[in-house]
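Keep the model open beside the text.

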Amino acid sequence: MSETTGASYAAAGVDIEAGDRAVELMKEWVKKTQRPEVLGGLGGFAGLFDASALKRYERPLLASATDGVGTKVDLARKMGVYDTIGHDLVGMVVDDLVVCGAEPLFMTDYICVGKVFPDRVAAIVKGIAEGCVLAGCALVGGETAEHPGLLGEDDFDVAGAGTGVVEFDQLLGPDRIRKGDAVIAMASSGLHSNGYSLVRHVVFDRAGWALDREIEEFGRTLGEELLEPTKIYSLDCLAMTRTAEIHGFSHITGGGLANNLARVIPDHLHATVDRSTWTPGAVFELVGKAGKVERLELEKTLNMGVGMMAVVPEESVDVALATLADRGVEAWVAGEIEDRGDNATGATLTGDYDK
C-alpha cells in the first residue's frame with residue numbers, strides 16, 4: 001500500500017459489505033422463527049417483543065440464560081458444516097430455561113468470526129433459526145462481529161442468550177421435590193455440546209483418528225457422529241407440565257448427570273440413579289476405550305446418554321412417560337428420591353450400565 005493511501009476499515013480486515021450480504025441471506029431463516037409477539041424485522045438496533053402478552057399471567061417471572069457450544073465449533077470448522085452448530089446453541093440455552101418451568105420466548109445470538117463469509121454466517125444462523133422453531137421461541141436479533149488479527153479467517157465462535165417466562169406459582173425447583181418421587185431420564189442424541197475438549201483430545205491426540213474415518217458402531221463417519229446436534233427438550237418438557245405433575249427438571253450439561261441432577265435436589269434429600277436402566281450410546285464407550293478414560297471421569301464430563309431428567313411424583317410417572325412417548329422422546333424411570341442420610345452429595349449413580 002502506498003504511504004499516501006489512507007487507512008480504511010476494509011484494509012484493516014473488516015468487510016462491511018460482506019456483513020450486509022450475510023444479513024440479507026439470513027433474513028428468510030429468522031423470519032421462520034417469528035412469534036406473534038415479535039414486532040419489526042431483522043436489521044433494527046434492538047429486537048422487540050410485545051410484553052402485553054404477559055398480561056395473562058398472574059405473576060410472571062422472567063427467566064434468562066446464556067451459553068455457547070464450546071470447542072464443538074472446532075469440529076464444525078474442520079468439517080465445513082455450519083448449520084448443525086446452531087441447533088446446539090439453542091438447545092444449550094432454552095433447555096436451561098425450561099428447567100424452572102419457563103416457556104422460552106425469544107433468543108439473540110452472537111457470532112464472532114475471523115472473516116465474514118456470508119454463506120457461512122447465514123448457515124450458522126439457519127441452524128439457530130431451525131433450533132428456535134424446535135424450541136418454540138423467536139430469534140429476535142443478534143450480532144456478527146469480524147475480528148481480523150485476533151481470529152484466523154476460518155475461525156469462529158457462537159454464543160446466545162434467551163428469555164423465558166413462568167407463572168410464579170408454577171415455578172419448578174428443589175422446594176417441590178419430595179421423598180418417593182421418581183426420576184425420569186430422557187435419552188440424549190449423543191454427546192450434545194459438552195466435554196468436547198476431552199473428546200477431541202482422545203480421538204485426535206490419543207487415537208490419531210481423522211474425522212472421515214468410518215466407525216462401524218456408528219454406521220457413519222467419526223465427524224458425522226461428533227457433529228450430531230444437541231436434542232432440544234423444551235417443548236417436550238412443557239408438554240409434560242400440562243399433562244402431569246412435575247416437581248423438577250435437570251438439564252444434563254457440563255459436569256455430567258449426577259452433578260447436574262444434584263443442583264435441583266434439596267439439602268435433606270438424595271437422588272439415586274440406577275445405571276442398569278439404560279445403555280449409553282456407542283460414542284461414550286468409544287471415547288472411554290480410545291482414551292482409557294475411567295468411568296468416573298466420563299460420567300463427570302459427558303451426559304452418558306441422558307440429556308434431560310424430570311423428577312415427578314410416583315402417581316404421575318405413567319402419564320409423564322406416555323406424554324414423552326407420544327412426542328417421540330425415549331424415556332424411562334432411572335431412579336428415585338430418598339432421604340439424604342449419610343450421602344454427602346445430592347445425587348449418585350449406582351449399579352452397572354446395561355449391556
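Two strands pair if DSSP finds at least two bridges between them. Helices (H or I, at least four residues) and strands (E, at least two) are DSSP runs, numbered from the N terminus. The model is predicted: local features need pLDDT of at least 70, side-chain atom pairs count only at pLDDT 80 or more, and totals for chains, interfaces and linings use all residues. Residues are numbered from 1 along each chain as its sequence is written, and side-chain values use heavy atoms, leaving out hydrogens and water.

Start with strand β7. In β13, Val183 has Gly335 as its bridge partner. β7 and β13 pair in the antiparallel sense over 5 bridges. β7 is also antiparallel to β12, with 6 bridges joining them. There, Ala182 has Val312 of β12 as its bridge partner.

How many residues of β7 are buried? The count is 6 of the 6, so β7 is largely enclosed by the rest of the structure. Buried means under 20% relative accessible area, exposed over 50%, and partly exposed in between (1.4 Å probe, protein chains only). Both faces of β7 are covered. Ala182, Ile184 and Met186 are buried on one side. Val183, Ala185 and Ala187 are buried on the other.

Now widen the view. An open sheet of 6 strands runs in the order β10-β12-β7-β13-β11-β14, and its pairing is mixed. Its edge strands are β10 (248-251) and β14 (347-350), each pairing on one side only. From one strand to the next, the twist averages 25°. Axes are lines fitted to C-alpha atoms, for helices over the stretch in contact, and angles run from 0 to 180 degrees between N-to-C directions.

Ser250 has Met309 of β12 as its bridge partner. Helix α11 (residues 317-326) lies across β7 (182-187), β12 and β13. The helix runs at about 10° to β7. Contact here means heavy atoms within 4.5 Å.

Turn to another sheet. This open sheet has 4 strands in the order β3-β6-β4-β5, with mixed pairing. β3 (60-68) and β5 (138-146) are the edge strands, and each pairs on one side only. The twist averages 15° from one strand to the next. β3 and β6 run antiparallel and are joined by 9 bridges. Thr66 has Ala161 of β6 as its bridge partner.

Helix α3 lies across β3, β4 (103-113) and β6, running at about 145° to β3. His87 is found in this helix. At a relative accessible area of 15%, His87 is buried. Beyond residues up to four places away in sequence, His87 touches Gly127, Ile128, Glu130, Gly131, Leu134, Pro229, Thr230 and Ile232.

Next come the aromatic rings. A pair of aromatic rings is described by the distance of the centres and the angle of the planes. Rings of Phe, Tyr and Trp (its six-membered ring) pair if their centres lie within 6.5 Å; planes under 30 degrees apart count as stacked, over 60 as edge-to-face and the rest as tilted. The whole structure holds 4 aromatic pairs. In one of them, the rings of Tyr82 and Phe156 have centres 5.7 Å apart and planes at 65°, so the pair is edge-to-face. Tyr82 sits in the loop between α2 (72-79) and α3 (84-97), and Phe156 in strand β6 (residues 156-167), 74 residues apart. Tyr82 counts as buried at 11% relative accessibility. Phe156 counts as buried at 8%.

What else does Tyr82 contact? Leaving aside neighbours within four places in sequence, the contacts of Tyr82 include Ala76, Arg77, Arg120, Ala123 and Ile124. With Arg120, Tyr82 makes a side-chain polar contact of 3.3 Å. A polar contact is a pair of N or O atoms within 3.5 Å; within protein, one must be able to donate a hydrogen and the other to accept it, and residues adjacent in sequence count only if both atoms are side-chain atoms.

Another pair joins Trp278 and Trp332: the ring centres are 6.0 Å apart and the planes at 40°, so the pair is tilted. Both Trp278 and Trp332 are buried. Together with Tyr353, Trp278 and Trp332 form one aromatic cluster.
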